[in-house]
Amino acid sequence: MPREQNRTDEQQKEPEKGITKLIDSTVTSSYEDLLAIIEARMELIKIEITEKLAMVAALVIIAILFIAGLVYLITTIALFIGELLGHYYLGYLIVSSVFLFTFLLFAKIRPELLKNVIHNILLSSHGKKS
């Protein structure tokens, strides 16, 4: 009987070892899969952040070029008006008066007008209208 009892004990231990190994391998592979998912997500976040930074940098460069072109255009208009009037300072005076009037309009007279214009531009860029 002891021989049969040993055999029964070994048979009972073998399935336990098999289940333990299966659980261990499942947990280990799940952990490795989780680490791989986290690593892939981190890479995706890095790519998204890099893409957004590139977009911001491109917009800053475009804005700088636009402002530089606008400055030259305004200077050209001031010089042209000054030449038509016979004195260059009159051209600059008229152009700067337009800017000062625009500033007063948006800052003191109707400050909500600029906010509404910008709001409508932003909404229209997303395909929505207010």
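Colleague: Why is Tyr31 called exposed?

Modeller: Exposed means over 50% relative accessible area, buried under 20%, and partly exposed in between, with a 1.4 Å probe and protein chains only. Tyr31 has a relative accessible area of 53%, so Tyr31 is exposed. The model is predicted: local features need pLDDT of at least 70, side-chain atom pairs count only at pLDDT 80 or more, and totals for chains, interfaces and linings use all residues. Residues are numbered from 1 along each chain as its sequence is written, and side-chain values use heavy atoms, with hydrogens and water left out.

Colleague: Where is Tyr31 placed?

Modeller: Tyr31 lies in helix α1, residues 2–85. Helices here are DSSP runs (H or I, at least four residues), numbered from the N terminus.

Colleague: How many helices and strands does the protein chain have?

Modeller: The protein chain has 3 helices and 0 strands, and from the N terminus on the elements run α-α-α.

Colleague: How do you know how α2 is placed against α3?

Modeller: The axes of α2 (residues 88–109) and α3 (residues 111–125) cross at roughly 100° and come within 4 Å. That makes α2 roughly perpendicular to α3, because angles of 65 to 115 degrees count as roughly perpendicular. Axes are lines fitted to C-alpha atoms, for helices over the stretch in contact, and angles run from 0 to 180 degrees between N-to-C directions.

Colleague: Which residues in α2 meet α3?

Modeller: Leu105, Phe106, Ala107, Lys108 and Ile109 in α2 meet Pro111, Leu113 and Leu114 in α3; contact means heavy atoms within 4.5 Å.

Colleague: What share of the protein chain counts as buried?

Modeller: Of its 130 residues, 3% count as buried.

Conventions
Helix = DSSP H or I, 4+ residues; strand = E, 2+ residues; numbered from the N terminus. Parallel < 35°, antiparallel > 145°, perpendicular 65-115°, else oblique.
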